[in-house]
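Please keep the display in view while I talk.

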Amino acid sequence: MTRLLAPDSGDLRGRYPEVFDRPASSRLAIPAMLLAAFGIFVFGLVELEFSPARMLAGLSQLGWITMMMIPPDPGGSLPVYLVALGETLSIAMLGTTLAALLALPVSLLAARNIVPSGIFRFPVRRFLDSIRGVDTLIWALVWINVVGLGPFAGVLAIAVADFGAFGKLFSEAIEAADKKQVEGIRASGGNALHEIRFGLMPQVLPVIAGQVLYFIESNTRSATIIGIVGAGGIGLQLAEQIRVLEWQKVSFLILMILVAVAAIDWISSKLRFAIIGKRAVA
Amino acid sequence: MTSAVSILPAQQLQVLNDAYRAAVARKRLRMTLATAVFFAVLVIAAIGAEVHPVTFVNKIGNFVSYFDRIGTLESGARVWSDIGEWFWGWKKWLALLGETVLISYVGTLAGAILAFALNFLAAENTSPAPWLRFTIRRLMEFCRTVPDIVFALIFVIAFGLGPMAGVIAIMIHSVGALGKLYSEIVENIDMKPVEGVRSTGASWISCIRFAVVPQVAAGFASYTLLRFEINVRGASVMGFVGAGGIGQELVVAVRKFFYSDVSAILLMIIVTVFLIDIGTGWARGRLFGKEARA
């Protein structure tokens, strides 16, 4: 029978001083950070005029609104709403695809392991950042000026806004790729394009495909709101019904959005598994 | 020492080649079919979204000229020739930008705290009961499916005009979005530490605290910072519906064709997002660095 030896704490302390005697700065860093975060939080609450009284009044008002939403009822405009929903889904689908197609080549230019020179990478990154800094709704406002009111402006707005996001995400995925496979291609005599095509893309594409599918899902939600500024889809109906306080129609529209997004979610997760699963086996 | 590559006899090679070609052909067929379906869906979507390539080509000039117009002052000069005139309202705009960032900060943090509390109940491997997981997941789905601006539209009516409606809208949206991402991280953890802690007779909370949280903290922080970045953009349009921040000024400028104001406000928003982006990037680097060292 063996007995566990009692650990010799003195010996352990001597061997791992950095575990037992961490300097105060590193021990206090996390509490200090949390405290600072909390301090800004409280400052924000005060600055933004939060008050328990307003909160309570608002919540009771919200309770009333929720009561008025039940039961959801389209009130005879169901066909209009269904067409609007179709429009929304089309906007999301087209906008995301367009964005992904445009972003893939640009993301290569923004990835450190493909373009080592900061002189080229930096402007591309800043360009992507500035596109990403502008919200989809603002892009929608701009595109309405260009192609007029309607869903097409929505497609372009989503395409442009996502172009920035995809460029960043794709380039991060490319940077995270394993270098060994690229080196393998180079060792067997491949040129730079071969390295990208056979070394990087097989690693990166499943990640990218997952992100695109996730964005189609999240863009279905974005596409529901660009109608608020007049760029087509179900958002126009929703904003209008909220403004005239037709709560039953509002809740019906929200339910429609929920169901549509759940369906897209289901489809995209099935597709994602199909793509990633296949890669895992191969 | 050199060794020759052994070459299989032709018969054996033939069999292998045939099998390989059959396998590749099946894969290619599936790929072609998938592409065809994808294009069919795209065409249907293009019809549904009233895509008019002709309009696009004809009017793309407007897109360029719009940027030309927002780059011009009322006097007809270029904006950068008179910075003082261009940024005439910088004090007001800066205050509103500060409010925007604060809205997203408070909203993100409150949302992150709630999402942290909820996500362990929603993750497949840590959830105590299936019905609880189902309920929380549906709740999160609801929170992130309804866009934050729709919440803001409703909250503006309930809580009155002002940043409060924006904060609550962003908070609710963040709970949904972060909750999902958090629980996905938790589902991907190594379960051995959890089993180790469990085997010492620890409670569910101890398991989470000592086996799960150390594995996921960096990922959580990273996603929260990313969400903060996204929410700054979200908060910049909250003003469109009267829920505080810079959006109000922007939409007024766009609708009333105050072109140089549009470019000034957009530029300030972009710079703010830049700075937030750089700041969160730096913070993420620091956090991951720390995790790697500990």
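This is a predicted model: local features need pLDDT of at least 70, side-chain atom pairs count only at pLDDT 80 or more; totals for chains, interfaces and linings use all residues.

After the helix comes A:Glu49, whose phi is positive, near 60°.

Let me step back to the chains, beginning with chain A, in which there are twelve helices and zero strands. Its radius of gyration is 26 Å, well over the 19 Å that the globule rule gives for 282 residues, so chain A is more spread out than a compact globule. The C-alpha atoms of chain A fill a box of roughly 75 × 60 × 50 Å along the principal axes, and buried residues make up 36% of its 282 residues. If we take the contacts in chain A between residues at least 6 apart in sequence, 71% of them join residues at least 24 apart.

Chain B, for its part, has eleven helices and zero strands. Here the radius of gyration is 27 Å, again well over the 19 Å from the globule rule for 294 residues, so chain B too is more spread out than a compact globule. Its C-alpha atoms fill a box of roughly 85 × 60 × 50 Å, taken along the principal axes, while 38% of the 294 residues in chain B are buried. Among the contacts in chain B between residues at least 6 apart in sequence, 70% join residues at least 24 apart.

Now to the place where the chains meet. In this model, 48 residues of chain B are in contact with 51 residues of chain A, and the side of chain B that touches chain A divides into 35 nonpolar, eight polar and five charged residues.

One residue to look at here is B:Val237, which sits in helix α9 of chain B, residues 204-238. Is B:Val237 buried or exposed? The cut-off for burial is 20 or more other C-beta atoms within 10 Å, and B:Val237 counts as buried because it has 31 C-beta neighbours inside 10 Å. Leaving aside residues up to four places away in sequence, B:Val237 touches A:Asp135, A:Leu137 and A:Ile138 from chain A, together with B:Ile149 and B:Gly247 from chain B.

The largest nonpolar core holds 142 residues, of which A:Ala140, A:Ala157, B:Ala152 and B:Phe155 touch the most other members. The largest share of this core, 15 residues, comes from helix α8 of chain A, residues 151-175. As for B:Ala152, its contacts beyond four places in sequence are B:Ala165, B:Gly166, B:Ala169, B:Met238, B:Val241 and B:Ala243.

I will finish with some backbone details. Most residues other than glycine have a negative phi, and most peptide bonds are trans. Against that background, a cis peptide bond joins A:Ile70 and A:Pro71, with omega about -5°, and A:Pro71 lies in the loop between α4 (52-69) and α5 (78-110) of chain A.

Two other residues draw attention through phi. A:Leu245, which is not a glycine, has a positive phi of about 60°; its place is the loop between α11 (234-243) and α12 (247-281) of chain A, and with 11 C-beta neighbours inside 10 Å it counts as exposed. In chain B, B:Phe257 likewise has a positive phi of about 60° although it is not a glycine. B:Phe257 is found in the loop between α10 (247-255) and α11 (259-293) of chain B, and it is exposed, with 11 other C-beta atoms within 10 Å.

Terms used. Residues are numbered from 1 along each chain as its sequence is written. Chains are lettered from A and ligands numbered from 1 in the order in which they are written. Two residues are in contact if their C-beta atoms, placed from the backbone, lie within 7 Å. Ala, Val, Leu, Ile, Met, Phe, Trp, Tyr, Cys and Pro count as nonpolar, Asp, Glu, Lys and Arg as charged, and the others, Gly among them, as polar. A nonpolar core is a set of buried Ala, Val, Leu, Ile, Met, Phe, Trp, Tyr and Cys residues joined through C-beta atoms within 7 Å. A residue is buried if 20 or more other C-beta atoms lie within 10 Å of its own, exposed if 12 or fewer, and partly exposed in between; C-beta atoms are placed from the backbone. Helices (H or I, at least four residues) and strands (E, at least two) are DSSP runs, numbered from the N terminus. The radius of gyration is taken over C-alpha atoms; the globule rule is 2.2 Å times the number of residues to the power 0.38.
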